[in-house]
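Welcome! Please take a look at the structure below, and then read the short briefing that follows.

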Amino acid sequence: MPPIPTTYLGLQPFLKSNPGKSREDYDGEVARIVLRAQPDAVVCAGWMHIVSEGFLDVFNGTRVLEGEKALVREIPVINIHPALFGQFDGTHAVERGFEAFQKGEVDELGVMVHRVVKEVDRGQPLIQRRVDVVKGEAIEAYEERLHKVEWEIIVEATRIVLDEVQPPLSSNGSS
């Protein structure tokens, strides 16, 4: 299996070294770097960066970056989020969810992997799992359980989207 290519392009260093460029320009450059790796899917895990609609348009095939080829098929973009669908969208979801549970404002917490859309953490969930949480426990104990579930479901959800773009081989080795 070939290695997964890696590249670093930080937002602030990009903006500092490219005066007059915008956050949208940065997302375009990130999209260009990702496209050149020819991915089957884009998995945002620990990204903590809201991608622009322009970035998503590149991967759904409705925008072609200058100097790049048009996509022959959509490339799925997925994200892991430490809350159930509709609960605690955006940043600090773990802390906000934990606090709400401790105050009795919600009965359950969990984690999901979803398709990325322009609305933050509102894409179709591929997988959701509830995570046990106990009244009065330390948030670190909850976070440890949550992260174990995240590690499991990110792999499962990635397999789901990869199976969509390239059906798995049957037991006899054919597609």
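The mean positions of the 19 positive and 28 negative charges of the protein chain lie 4 Å apart. Here Lys and Arg count as positive and Asp and Glu as negative, while His and the chain ends are not counted; each charge is placed at NZ of Lys, CZ of Arg, CG of Asp or CD of Glu. This is a predicted model, where local features need pLDDT of at least 70, side-chain atom pairs count only at pLDDT 80 or more, and totals for chains, interfaces and linings use all residues. Residues are numbered from 1 along each chain as its sequence is written, and side-chain values use heavy atoms, leaving out hydrogens and water.

**Overall build**

- The protein chain has five helices and four strands (DSSP runs numbered from the N terminus: helices are H or I with at least four residues, strands are E with at least two).
- From the N terminus on, their order is α-α-β-α-β-α-β-β-α.
- Of the 175 residues in the protein chain, 37% are buried (under 20% relative accessible area, with a 1.4 Å probe and protein chains only).

**A look at helix H2**

- Helix H2 covers residues 23–36 and reaches 20 Å from its first C-alpha to its last.
- Its buried residues include Tyr26, Val30 and Leu35.
- The buried residues of H2 pack against helix H1 (11–17) and helix H3 (53–59).
- At the N-terminal end, Ser22 caps H2, with a side-chain oxygen 3.2 Å from the backbone nitrogen of Glu24.
- Just after H2, Gln38 takes a positive phi of about 55°.

Note on methods:
Buried means under 20% relative accessible area, exposed over 50%, partly exposed in between (1.4 Å probe, protein chains only). The expected span of a helix is 1.5 Å times one less than its number of residues. Contact means heavy atoms within 4.5 Å. A polar contact is a pair of N or O atoms within 3.5 Å; within protein, one must be able to donate a hydrogen and the other to accept it, and residues adjacent in sequence count only if both atoms are side-chain atoms.
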